[in-house]
Amino acid sequence: MTVTKKPELLAPAGSLKHLHMALAYGADAVYAGVPKWSLRVRGNGFIREDFIKGIEEAHAMGKKVHAVLNIIPHVRRVAAFEKVVDEMAQLKPDAFIMADPGLIDIVRNRYPDIPIHLSVQANTVNAGSVKFWQKVGLTRCILARELSLTEIDMIKQECPDMEIEVFAHGEIGRASCRERV
């Protein structure tokens, strides 16, 4: 594998305390779920004020905060999403992590300058899907957890201009952190 740039260490932040710990111990960025709009329900203690403070503190350190809005809502909830995304956009997160194509379209139209990263919840497992999401303006694709390092490398070879993110766990996590895909 060819290293093209320094990998970003991204960690979950289920609370402001977790955000502080992750950044203090070397994370370049954190992601936090937006209440009621994130599939990361367990351990999500973030509220609006935490996002305000967390984003301000991370940016002062030269680090990033990604807001997770990866729920796939039923039709009755879509109108409420617009209000939530308007409020979150005002806080200036570094990216939104999303899964639903309809909500992604809303954000792309309303906030074209905020990067959108495709959530692992979209279960992306091939280069064709990555290319599709890149065509619609997404800047990073978080690949499905079950892919092997070989499959990840194959996708990156076919999609060299798309940022690829993968979850790293245990022994394979240590190996994949040394290699940039």
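Does Leu 103 count as buried or exposed, and at what relative accessibility? In this predicted model, in which residues are numbered from 1 along each chain as its sequence is written, Leu 103 counts as buried, at 1% relative accessibility. Buried denotes under 20% relative accessible area, exposed over 50%, and partly exposed the range in between, with a 1.4 Å probe and protein chains only. Local features need pLDDT of at least 70, side-chain atom pairs count only at pLDDT 80 or more, and totals for chains, interfaces and linings use all residues, while side-chain values use heavy atoms, with hydrogens and water left out.

The chain comprises seven helices and seven strands, where helices (H or I, at least four residues) and strands (E, at least two) are DSSP runs numbered from the N terminus. The order of these elements from the N terminus is β-α-β-α-β-α-β-α-β-α-β-α-β-α. Of the 181 residues, 43% count as buried. Among contacts (heavy atoms within 4.5 Å) between residues at least 6 apart in sequence, 55% join residues at least 24 apart.

Leu 103 belongs to helix H4, which spans residues 101-110. Apart from neighbours within four places in sequence, Leu 103 is in contact with Ile 71, Pro 73, Val 78, Phe 81 and Met 98. Phe 81 lies 22 residues from Leu 103 along the chain, and the C-alpha atoms of the two are separated by 7.9 Å.

Ser 119 is placed in the loop between strand E5 (116-118) and helix H5 (127-135). When residues up to four places away in sequence are not counted, Ser 119 touches Asn 70, Ile 97, Met 98, Ala 99 and Ile 142. The side chain of Ser 119 also reaches the backbone nitrogen of Gln 121 at 3.0 Å.

Helix H1 (residues 16-24) packs with helix H2 (residues 48-60) at an angle of about 15 degrees, their axes being 10 Å apart. Axes are lines fitted to C-alpha atoms, for helices over the stretch in contact, and angles run from 0 to 180 degrees between N-to-C directions. H1 and H2 are therefore roughly parallel to each other, a term applied to angles under 35 degrees. In this packing, Leu 16, Leu 19, His 20 and Leu 23 of H1 meet Asp 50, Lys 53, Gly 54, Glu 57 and Ala 58 of H2. The residues of this contact divide into four nonpolar, two polar and three charged.

Key
Angles under 35 degrees count as roughly parallel, over 145 as roughly antiparallel, 65 to 115 as roughly perpendicular and the rest as oblique. Ala, Val, Leu, Ile, Met, Phe, Trp, Tyr, Cys and Pro count as nonpolar, Asp, Glu, Lys and Arg as charged, and the others, Gly among them, as polar. A polar contact is a pair of N or O atoms within 3.5 Å; within protein, one must be able to donate a hydrogen and the other to accept it, and residues adjacent in sequence count only if both atoms are side-chain atoms.
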